[in-house]
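Dear colleague,

I am handing over the structure below, together with some notes on what turned up when I went through it. Please read the notes with the model open beside you.

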Amino acid sequence: MSLLRKLSSFFVTAIFLHAGSASAQQEAPDALIKRVSTEILELAKTDKQIQAGNQQRIMEVVQAKVIPHVNFQRMTAMAAGRFWREATPEQQAALTTEFRALLIYTYSGAISQVRNQVLEFKPLRADAGDDEVEVRSVVIQPRGEPIQLNYRLEKTPAGWKIYDVNILGVWLVETYKGTFAAEINKGGIDGLIRALAERNKRLAVAPPKPAKT
């Protein structure tokens, strides 16, 4: 679980750094990501409430900046794998809701940790007509090794959506896939939904810790 938490934390930072406004929906995926990164980084670095770990403020930012740019249903379906097709529509909806909540809490826990990171982007390898692309970047930290962060995005009628992230060579959805399978094998889809719901309840009363200065 320590690896999962580490990956989730990096994933949070990745999504947060790359969220954008509705007006940017028609931009190329790499252009969208590059344009909004500076704005979001500055917000994380200068907002005292975020730095202090104010959960309400962080959740407001997540709701406004992150959620519109992530395809949670596709992420959930990918993480559930073959079990997704076996679930009823009601189970699929409940599972997506709980997984979405889990990622939101995870985002909130990592946003306050953003400090002096710098993003470097690699050239986009995609054709003009592609509806799925991978945007590659590296996070340069004040201390420590650079962090590889690659993003899978899909083009939808509502704009480009992130549906997976690769951190240091590991795809986040693949990491969750193992956790999901273990819970489903123990208690079925409903067991997984209950497990996620219980974890979300615990996270709801555990506000994120502010970053050390």
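With which residue does Lys-177 form a salt bridge? The partner is Glu-174, and the closest N and O atoms of the two are 3.1 Å apart. Please keep in mind throughout that this is a predicted model. Both Lys-177 and Glu-174 belong to helix 8 (residues 172-204), where they sit three residues apart, about one turn of the helix. Lys-177 is partly exposed at 30% relative accessibility, and Glu-174 is likewise partly exposed, with a relative accessible area of 47%.

The structure holds eight salt bridges, and two others involve Arg-74. In one of them Arg-74 pairs with Glu-132, the closest N and O atoms being 2.8 Å apart; since Glu-132 lies in strand 2 (residues 132-140) and Arg-74 in helix 5 (residues 72-80), the pair ties together parts that are 58 residues apart in sequence. In the other, Arg-74 pairs with Glu-154 at 2.7 Å between the closest N and O atoms, which links helix 5 to strand 3 (residues 147-156) across 80 residues. As for accessibility, Arg-74 is partly exposed at 24% and Glu-132 is partly exposed at 39%, whereas Glu-154, at 11%, counts as buried because that value is under 20%.

Finally, Thr-88 is found in the loop between helix 6 (82-86) and helix 7 (89-111), and is partly exposed with a relative accessible area of 34%. Thr-88 is 101 residues from Ile-189 in sequence, while their C-alpha atoms are 9.3 Å apart in space.

Methods. Residues are numbered from 1 along each chain as its sequence is written. This is a predicted model: local features need pLDDT of at least 70, side-chain atom pairs count only at pLDDT 80 or more; totals for chains, interfaces and linings use all residues. Side-chain values use heavy atoms; hydrogens and water are left out. Helices (H or I, at least four residues) and strands (E, at least two) are DSSP runs, numbered from the N terminus. Buried means under 20% relative accessible area, exposed over 50%, partly exposed in between (1.4 Å probe, protein chains only). A salt bridge is a side-chain nitrogen of Lys or Arg within 4 Å of a carboxyl oxygen of Asp or Glu.
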